Amino acid sequence: MINLQDIRDTARDMLAKGEVRTVIGYRRGTRGMLAEPAFITDPAQADDLVWNPTCFHNLSLYLVEDRKFLAHLRQNPGAPIGIVAKGCDARSIVVLMQEHYFKREDVYIIGVSCEGTGVVDERKLAPHLNGFQASDAVFDGDDFVFTTAQGEKRLPAREVMADRCLECRIPFPKEHNLVFGEDKTGRQLAEPFAALKRFEAQEGGDRWNFWSHHFDRCIRCFACRSVCPMCYCDECVVDSITFPVTSETSAEEKANRIRWIERSATRSENITYLMTRAMHLAGRCTDCGECERACPVNVPIRLLNNKMEREAREKFGFEPGASIGGPSLVASFLDNDPGDFIR
Amino acid sequence: MSKKRTGVFVCHCGTNIAATVDVARVAKEMADESTVAFTQEYVYMCSEPGQESVVQAIKDNKLDSVVVTCCSPNLHEKTFRDNAQRAGINNFTCEIANIREQCSWVHADKAKGTEKAIKISRSVVRRVNHNKPMDAIAVPVTKRAMIIGGGVAGIQAALDIGNAGIEVILVEKQATIGGRMLQLSETFPTLDCSQCVLSPKMVEVKRHPKVKLMTYSEVQEVSGSVGSFQVKILKKPTFVDPDKCKICDHCTEVCPVVVPNEYELGLTARRAIYIPYAQAIPASFTLDEDACLGLNPVRCGKCKDVCEAGAINYDMRPQTVTEDVGAIVVATGFDLYDQANMPEMGGGKVEDVLDGLQFERLCSASGATQGHIMRPSDHKVPKDVVFIQCVGSRDPAKHCAYCSKICCMYTAKHARLYKKHVPEGRAYVFYIDIRSGGKGYEEFVQRTMEDDDTLYLRGRVSKLYRKDGKVRVLGTDTLTGQNVEIDADMVVLALAMVPSKGTVEIAKTLKIGRDKDGFLAEAHPKLRPVESVTGGIYLAGAAQAPKDIPETVAQAGAAASKVIALLSQTTLSRSPLIAKVRRSHCTGCGMCVDACPFIAIRLEGGKAVVNEALCEGCGSCSATCLRAAIDVKNVTQLQIHEMIEACLA
């Protein structure tokens with residue numbers, strides 16, 4: 001079990017000593033039980049930090065935001081940023097470092113192990129609470145305990161956990177400066193890629209109907225892209241509206257900007273967007289599942305990313321976020337890479 | 001920017017294109033494109049009148065770009081770009097639309113073929129709209145060549161290039177040059193002594209003022225491109241100073257370590273300090289670091305004590321030297337297919353079953369037995385010898401699909417050599433069929449059959465095993481339909497030729513392709529047989545395909561002449577179609593740096609930077625970049641986008 005006070009003490013000490021300039025963690029939000037991202041700069045605020053089953057956000061996103069902000073101010077980072085990171089979050093940080101987005105010494109990773117559980121899926125939880133809102137949620141062994149107006153409700157974590165956590169193979173931040181909680185790597189709560197396998201078991205026509213339905217519903221609000229730490233490009237290739245014009249942009253570039261996708265949120269454009277995003281995340285997505293959680297219309301985006309993740313794993317033995325030094329999936333070529341898909 | 005004036009020239013290629021594509025319609029459709037100012041069709045665009053009409057049309061119609069819809073750009077891109085230049089416009093504004101290999105040849109339906117040809121042509125017209133005029137990049141040429149592999153191919157190439165007055169570095173992995181040919185006894189079809197033929201060339205190459213010999217050295221790293229390669233070579237320590245060594249042999253007499261002699265293919269043993277052959281060049285002993293007790297006078301030091309010349313120096317260390325060269329010839333030779341892969345032939349574990357090279361050493365006057373043929377197990381003269389051809393070759397199901405080409409000939413030679421040494425012996429040859437194409441080759445095989453009474457049995461061997469001090473060979477004679485059992489004193493396997501281990505490694509180091517069988521791939525099977533796919537790297541000898549000595553020497557000469565032609569120029573023009581970074585889009589993730597096979601991209605200040613001298617314009621970076629921040633000139637994202645749009649329209 002992770003003692004929350006340890007995280008708070010660490011944050012306070014490091015901030016007080018000036019070892020980190022900020023600690024990015026979770027604090028209690030303003031709606032019910034939900035945690036929200038917290039940016040602690042004052043040691044006195046360290047006691048705001050929380051660690052509970054609603055800490056789903058992948059905070060590495062804010063490392064990206066910080067870097068962009070500093071670049072905008074033309075400032076050097078100075079002291080590192082402390083960040084509370086789960087297994088999947090830490091892997092995202094590794095991918096970002098692999099892509100030279102920032103250096104290892106710019107980040108102080110305060111790892112938290114998900115141990116035997118993970119984070120809650122609100123959609124799974126709702127039916128268990130008889131229509132009441134939970135005002136608090138805590139870890140307790142393999143259970144989650146929720147507080148509602150009806151009193152405490154204890155539920156086995158696996159019943160209300162997010163799919164990505166059930167399927168998670170490494171619920172532990174391997175890359176860390178400091179880590180709390182036990183390494184329960186190898187726990188088998190659900191078969192990896194279980195949701196993907198269920199989906200793939202369907203007939204071709206049914207699969208197409210499934211996706212047609214979801215692609216029709218996507219409103220292209222780009223929440224999935226905004227919440228994704230890997231979608232850090234200044235200009236997204238699927239965008240035709242946010243074309244950055246800098247002092248280096250030539251007149252010709254302005255004139256010749258390419259519209260790979262039209263702005264309308266129609267099926268064909270949505271397919272192009274979501275497929276392009278899946279391709280661009282191949283070998284980079286660490287399955288933090290934030291895109292799917294953030295989606296307001298419940299498009300099962302994880303299925304797409306999972307498919308790419310499994311291809312990378314099975315065909316190329318590649319695990320995103322496994323090591324900082326190694327080459328990325330699409331940039332490396334090995335003699336024994338499979339070539340049987342080329343006909 | 002004013003509107004382009006593009007000319008489209010549609011070629012019929014006789015009926016090659018016209019039979020499946022309505023060329024007149026292609027021309028008509030192209031004329032409807034807003035940027036097309038002129039269209040023309042002609043039966044053979046690449047013919048002299050065809051080319052002239054292109055030049056004339058460019059001049060008459062004030063065209064500024066050209067699309068020729070014809071065969072693959074591999075064939076006539078240069079022709080038409082030259083024509084564009086002749087007509088006074090930039091050659092990089094001319095592009096080829098391939099409607100032959102990619103359309104007419106692979107389709108039968110004329111209506112659909114025409115549709116596709118139109119789409120291909122239209123996409124190239126749209127692409128050309130965004131082509132920029134460009135000038136070729138001139139790069140200086142380093143007037144030096146390097147040859148990797150000191151076998152007969154490497155030696156011949158070194159001599160030919162050296163004789164043209166160009167400096168050559170000959171790098172050989174082993175302690176002596178000479179390679180496989182030095183291991184052979186006599187050579188077919190003339191039966192002249194292999195070492196006697198080769199050693200004068202070895203001496204010549206050693207003494208040649210333009211040739212720098214680097215034996216016991218390995219190429220570690222190659223960077224750069226045609227005209228200017230930088231090569232890192234590892235000089236392994238021999239621990240013996242070749243200038244001082246007098247080859248007195250005193251060191252081997254005292255050396256206490258005995259290991260199998262790889263130069264004799266394990267038939268004999270050698271000491272830790274050894275000289276491969278009497279004819280070795282450089283004529284010097286080599287101390288095998290792995291076998292030696294420790295290069296330490298405290299532990300042994302006997303060789304150093306006994307060396308009167310003071311040639312032995314335990315303090316030698318590996319050295320890495322960097323050489324600049326303009327061209328490279330790869331002549332890394334072959335190995336034999338591993339017997340362990342052939343369990344039906346004993347898997348290398350049955351005594352007195354030799355491979356062809358071991359038999360060469362047995363027959364060789366410089367070999368372990370001074371040319372007396374005796375079997376390894378008990379040193380008796382074998383009375384029944386079975387030669388088996390096509391072991392591992394021509395077996396697509398389990399082993400190598402290809403014919404190793406030289407086995408028919410050397411097996412016939414082996415049988416003759418055996419009969420010469422042991423006239424009362426019996427030689428049997430199992431064969432599938434005899435492939436003896438070559439000057440004097442068929443006559444040679446006939447003589448082996450008729451004059452030397454060698455029994456040729458058409459069929460394969462199913463199994464062989466040791467029984468009663470002999471090797472029992474079970475096979476079939478398919479001409480009589482009988483099963484054959486022979487109790488042989490010795491069996492010689494004509495194992496398939498495979499590219500040497502060094503070939504596999506060097507292909508990776510040089511980033512040159514290999515074919516499906518693992519041999520080095522030539523740029524074109526017919527028209528560019530000695531060039532690799534990478535400019536400035538040439539191929540010679542059995543590393544490219546199984547071949548015999550005359551062919552190897554001929555190919556080495558051909559590679560040398562290519563090198564001389566290349567290095568006789570003062571500058572080379574390189575294609576300007578190289579990668580270009582859009583700095584505003586680059587996030588500095590470094591994926592392109594990893595993806596670049598030519599090590600042409602580096603990160604500088606958090607952005608990718610392309611080294612124009614190294615970039616080959618392959619586009620790997622562009623394909624890898626998630627941000628569309630790196631493009632190949634004249635194949636930009638925009639152009640690809642327009643081409644896709646033209647195809648989908």
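A residue counts as buried here when its relative accessible area is under 20%. Keep that cut-off in mind for Thr509(B): its relative accessible area is 19%, so Thr509(B) is buried. One thing to know before going further is that this is a predicted model.

Let's stay with Thr509(B) for a moment. This threonine sits in helix H12 of chain B, which covers residues 501-510. Leaving aside residues up to four places away in sequence, Thr509(B) touches Val219(B), Gln220(B), Glu221(B) and Val222(B).

Phe188(B) and Pro189(B) are joined by a cis peptide bond, with omega at about -5 degrees. You'll find Pro189(B) in the loop between strand S8 (186-187) and strand S9 (192-193). Another cis bond runs from Ile281(B) to Pro282(B), and there omega is near 5 degrees. Pro282(B) is again a loop residue, placed between strand S15 (273-274) and strand S16 (286-287) of chain B.

Now over to chain A. Its secondary structure comes to 13 helices and eight strands. How does its radius of gyration fit with a compact globule? For 343 residues, such a globule would come out near 20 Å, and chain A has 21 Å, so the two agree. Along the principal axes, the C-alpha atoms of chain A fill a box of roughly 55 × 50 × 40 Å. Of the 343 residues in this chain, 49% count as buried. If you take the chain A contacts between residues at least 6 apart in sequence, 69% of them join residues at least 24 apart.

Two loop residues in chain A have a backbone angle to check. Arg74(A) has a phi near 55 degrees, which is positive even though the residue is not glycine. Its loop lies between helix H2 (60-73) and strand S3 (81-85). With a relative accessibility of 77%, Arg74(A) counts as exposed. Asn298(A) has a phi near 60 degrees, also a positive value in a residue other than glycine. This asparagine is in the loop between helix H12 (290-294) and helix H13 (301-316) of chain A. At 39% relative accessibility, Asn298(A) is partly exposed.

So much for the chains on their own; next comes the place where they meet. Here 23 residues of chain B are in contact with 24 residues of chain A. Together the two chains bury about 2100 Å², with 58% of that on carbon and sulfur atoms. On the chain B side, Ser584(B), Leu626(B) and His641(B) supply 26% of the area buried against chain A, more than any other three residues.

What about charged and polar links across this interface? There is one salt bridge between chain B and chain A. Arg627(B) pairs with Glu99(A), and the closest N and O atoms are 3.9 Å apart. The interface also has three residue pairs in polar contact.

As for which parts of chain B face chain A, helix H14 (591-595) and helix H16 (637-648) each supply at least two residues. H16(B) gives the largest share of that side, with four residues. By type, the chain B residues touching chain A divide into eight nonpolar, nine polar and six charged.

How values were computed:
Residues are numbered from 1 along each chain as its sequence is written. Chains are lettered from A and ligands numbered from 1 in the order in which they are written. This is a predicted model: local features need pLDDT of at least 70, side-chain atom pairs count only at pLDDT 80 or more; totals for chains, interfaces and linings use all residues. Side-chain values use heavy atoms; hydrogens and water are left out. Contact means heavy atoms within 4.5 Å. Buried area is the accessible area (1.4 Å probe) that two parts lose on being put together, summed over both. A salt bridge is a side-chain nitrogen of Lys or Arg within 4 Å of a carboxyl oxygen of Asp or Glu. A polar contact is a pair of N or O atoms within 3.5 Å; within protein, one must be able to donate a hydrogen and the other to accept it, and residues adjacent in sequence count only if both atoms are side-chain atoms. Ala, Val, Leu, Ile, Met, Phe, Trp, Tyr, Cys and Pro count as nonpolar, Asp, Glu, Lys and Arg as charged, and the others, Gly among them, as polar. The radius of gyration is taken over C-alpha atoms; the globule rule is 2.2 Å times the number of residues to the power 0.38. Buried means under 20% relative accessible area, exposed over 50%, partly exposed in between (1.4 Å probe, protein chains only).
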